[in-house]
Structures are given as structure tokens and as C-alpha cells.
Amino acid sequence: MAVLAIHQPDARSGARLGAALSGAHRFVSFDTWARLMEGLSSGGLEGALLDADHPNRTDALARIRLLRATFPDLALVGFTERTVPGEYFDLGQSGLEAFVAEADGPLTTRNAVDEALAVRRGRVVSRLLQPYLPPPGPRAIGWTLSHSGTAARVDDLAHALGFSLYALRGILHERALPAPSVLMLWGRLLAAAGRLYGDGRKVEETAFALGYASAPSLARALRAHTGLTPRQVAQTRFSRILAMLVESVRETDQPPVFEEPVIPPTCSAPTPIGS
């Protein structure tokens with residue numbers, strides 16, 4: 001399971017968040033901002049759920065932007081007691097990947113966290129692939145992973161990269177990179193690997209979340225592109241699955257070597273600090 005920090009000075013709100021994530025992710029609670037920063041600096045955390053109202057909206061958002069600048073790869077999810085967090089919809093300005101409100105149930109909260117983790121993993125993958133694939137390969141693969149849980153289409157990928165779909169197909173072909181439709185599939189398979197290996201999810205749940213009709217459909221796609229069953233994927237480091245996909249399009253016998261894990265090992269997570 002991914003390990004997340006929760007900064008929620010209100011013990012009752014913190015307990016609700018913890019209950020919503022129970023069974024889906026592990027969490028470490030911090031009761032002050034200083035202790036949160038100390039815990040994040042120690043490593044081992046993939047994301048943080050942050051009180052976007054404490055001590056007030058302006059100060060909270062300023063702190064969140066500082067957190068984004070300090071830990072650019074962290075998945076950040078804001079939490080507000082407002083029924084509908086309409087004031088916070090500009091996630092780009094806030095530095096957050098997602099927002100959840102007090103009225104949101106466990107499923108909505110978990111989905112928001114899952115989407116934020118996908119965005120975070122997409123950022124890391126894009127950076128790690130830069131030495132191994134020509135542009136726009138790394139950015140494209142990172143984008144497809146980040147948007148794997150949505151109804152994104154190849155046209156959306158092309159638009160995000162600044163190309164028409166026709167032009168994107170041409171440049172990918174010219175640089176011996178997979179077609180847009182294959183890259184979209186890679187994004188879903190990497191997301192599946194993250195959920196199976198990093199988050200400990202079941203195959204059926206993972207398949208449904210990523211738009212597959214059934215668990216066997218996901219299993220066939222994984223085997224076709226990695227040679228592994230879902231059970232084997234769940235036991236294989238995410239970076240190895242990434243390397244398998246990249247090796248299939250590189251004209252070299254030297255496999256990519258990633259110096260940092262995309263998903264931190266859970267044993268490196270910090271212990272709670274504070275009450």
C-alpha cells in the first residue's frame with residue numbers, strides 16, 4: 001500500500017480521513033506543519049493529505065505551494081470542511097492534484113487519492129525516462145499514466161503534447177516510438193502495476209478502475225506486453241515493469257537502470273510524529 005502523510009490538526013477530521021483510506025492506503029498522521037515537514041523530509045511517503053482551511057485558507061494555500069516547491073514529486077490532496085470545495089477548483093494554482101470535502105464518502109476520497117498518486121507516478125516516470133527515450137516519449141508516457149483512470153483519448157494526449165493527432169503519430173513513428181494508442185495502453189498497464197504492486201489492490205478492482213471489462217481482460221493485456229500474470233506483476237518492482245516496456249522499443253541490449261524507485265518501499269516510511 002502507498003504510505004501517505006495526513007496533516008489534519010482536527011483529530012475528528014483526521015480520524016475520518018484515516019477511516020476513508022483504511023484498507024486502501026497506509027497513513028501517518030502529523031498534528032503540526034513543522035512535524036509534517038520533518039516527516040516528509042525523512043522520505044518513504046508518496047503523498048500527503050492536507051488541511052486546506054488551517055489556520056485559514058490563504059495561509060494554508062501558501063504553505064501548500066511551498067510544499068509543492070520543496071517536494072515536487074509528492075502527491076498532494078487538499079481536504080476542506082466545506083460541503084463543496086468550489087473555491088479550490090483551480091488545482092494548478094493551488095499546487096494540488098485533487099480536493100476532497102468533508103461530505104465526500106470513502107469511495108470518493110479513495111478515488112481522489114488514487115488519481116493524485118497516478119499523477120505523481122506519471123511525473124516521476126516522465127523524468128526517469130528522459131535519458132532513455134527521445135521526446136516526446138517520456139512526457140507522453142508520463143501523461144498517459146497520470147490520466148489512466150480517466151476517459152482520456154488519444155486526441156487528448158496529442159493536445160496535451162502540443163500536436164495534432166496526425167502530427168503526433170508522425171513524430172512518434174519517426175523516432176521509433178509506439179503509436180499513441182499503444183502509449184495509452186502502456187499508461188493503463190503502468191497504472192495497473194502501481195495498484196497491484198504498490199497499493200496491494202485486487203486484480204478485479206484494478207481492472208474496473210482502469211476501464212477494463214473484466215480481470216481476464218487486464219490479465220491478457222499484462223501478459224501480452226510484459227509476459228507476466230497479474231500475480232507476478234504484484235510481486236515485481238514497478239521500475240522493472242517500466243523497464244520491460246521501454247526495452248521493447250530501444251535498439252540496445254542495455255536495459256534502462258533507474259536510480260530511484262517510482263514507488264518508495266513501505267519499510268522506509270516514517271513513524272507518526274506528534275499526538
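Biologist: At what angle do helix H1 and helix H5 pack, and how far apart are their axes?

Modeller: Please bear in mind that this is a predicted model. Helix H1 (residues 11–21) packs against helix H5 (residues 106–129) at an angle of about 80°, and their axes are 8 Å apart. Angles of 65 to 115 degrees count as roughly perpendicular, and H1 and H5 are therefore roughly perpendicular to each other.

Biologist: Which residues meet where H1 contacts H5?

Modeller: From H1 come Leu-17, Ala-19, Ala-20 and Leu-21, which meet Pro-106, Thr-109, Arg-110 and Val-113 of H5. By class, this contact has six nonpolar residues, one polar and one charged.

Biologist: Is Arg-121 buried or exposed?

Modeller: A residue counts as buried under 20% relative accessible area. Arg-121 has 5% relative accessibility and so counts as buried. Arg-121 lies in helix H5. Beyond its neighbours within four places in sequence, its contacts include Glu-46, Asp-199 and Arg-195.

Biologist: How should I read a nonpolar core?

Modeller: In soluble globular proteins, nonpolar side chains tend to be buried together. Here the largest nonpolar core has 46 residues, and among those touching the most other members are Val-125, Ile-141 and Phe-238. H9 gives the largest share of this core, ten residues.

Biologist: What does Ile-141 contact, leaving aside its neighbours within four places in sequence?

Modeller: Ile-141 is in contact with Val-125, Leu-129, Leu-133, Leu-183, Trp-186 and Leu-190. There is also a second, separate core of 20 residues, including Val-28, Phe-30, Ala-48 and Leu-67.

How values were computed: Residues numbered from 1 in each chain as written. Predicted model: local features only at pLDDT ≥ 70, side-chain atom pairs only at ≥ 80, totals over all residues. Heavy atoms only, no water. Axes fitted to C-alpha atoms, helices over the stretch in contact; angles between N-to-C directions. Helix = DSSP H or I, 4+ residues; strand = E, 2+ residues; numbered from the N terminus. Parallel < 35°, antiparallel > 145°, perpendicular 65-115°, else oblique. Contact = heavy atoms within 4.5 Å. Nonpolar A, V, L, I, M, F, W, Y, C, P; charged D, E, K, R; others polar. Buried < 20%, exposed > 50% of the residue type's maximum accessible area, 1.4 Å probe, protein only. Core = buried A, V, L, I, M, F, W, Y, C linked by side-chain atoms within 4.5 Å.
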